[in-house]
Amino acid sequence: MTQITLALTKGRILKETLPLLRRADIVPSEDIASSRKLVFSTNQAHVRLLILRGVDVPTYVQFGAADLGVAGKDTLLEEGGDGYYEPIDLGIAKCRLMTAVSADAQPKKGRIIVATKYINIARQHYAQHGRQAEFIKLYGAMELAPILNLADEIVDIVDTGNTLRANGLVTREHIADVSSRVIVNRAAMKTKFAEIDSILSALRSAMEECQ
Ligand code: AMP
């Protein structure tokens, strides 16, 4: 059977993806959490899993190094790649992309400074709202930026809002709802249709079972 490579996003998304894969009868041959490996075989001899950082998943799928991937919509919006389809919203790892400010921030006229790891999403959002902004790229702990006056606002993902509250920030504008999506390399969708279609069907059935 034709080999199928499925790229998964490590961390929170992986934790929520593995039970779905199991219900779709794709089970890693060893425990991913307790291994440092990056490639795992599965109970299905023709299916292997790659464990990647989220930002790398669309790249692997776009260039065909992986046939399918699971990535957060935030990553897909930010990376804006083509070369793949997005056939399934798995409805897992849900959160929201929001802007946030210090709870005691005074409204600021003119150009503001926005800290975020989502530079492209943020640029588009502020442009759409006709607000002039400069952007600072951060890779983590965005909440610190307004506290230390590095930025006026941040753009980040919010789930419960606990992290923002704990750091004296409040949400302001909702940018997008986020959940994890299955993406498929466009060429592979044609050349490996039977194998990929069977995985997509199994995932859809697994999702229905959960509802
Ligand atoms: P919370 O305090 O529940 O609002 O979660 C805040 C932090 O958890 C965010 O800044 C993210 O770093 C992380 N987080 C929340 N939801 C997700 C998700 N669906 N995927 C990845 N990271 C998330």
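How many nonpolar, polar and charged residues does the lining of the largest pocket have? By class, that lining has twelve nonpolar, ten polar and 13 charged residues. The ligand takes up the space of the largest pocket. This is a predicted model, in which local features need pLDDT of at least 70, side-chain atom pairs count only at pLDDT 80 or more, and totals for chains, interfaces and linings use all residues. Residues are numbered from 1 along each chain as its sequence is written, and side-chain values use heavy atoms, with hydrogens and water left out.

**The largest pocket**
- A pocket is an open set of points on a 1 Å grid over the protein atoms alone, where a 1.4 Å probe fits, with protein on both sides within 12 Å along at least five of seven lines; lining residues have an atom within 4 Å of a point.
- The largest pocket holds about 860 Å³ of space, a volume being the space filled by probe spheres set on the points.
- Its lining is made of 35 residues, with D74, K117, Y118, D156 and I157 nearest the centre.
- At least two lining residues come from each of α1 (12-23), α3 (73-79), β9 and α6, and α3 gives the most, with four.

**The shell around the ligand**
- The ligand is surrounded by 13 residues (a heavy atom within 4 Å), and the closest are A93, D159, T160, G161 and T163.
- β9 (153-158) and α6 (162-166) each supply at least two residues of this shell; β9 gives the most, with three.
- The shell has four nonpolar, four polar and five charged residues.

**Polar contacts and cover**
- Polar contacts are pairs of N or O atoms within 3.5 Å.
- A polar side-chain atom of R12 is 3.2 Å from a ligand nitrogen.
- Of the 490 Å² of accessible area (Shrake-Rupley method, 1.4 Å probe) that the ligand has on its own, the protein covers 76%.

Key. Polar contact = N/O pair within 3.5 Å; in protein donor to acceptor, adjacent residues only side chain to side chain. Sits in = over half its atoms within 2 Å of the grid points. Nonpolar A, V, L, I, M, F, W, Y, C, P; charged D, E, K, R; others polar.
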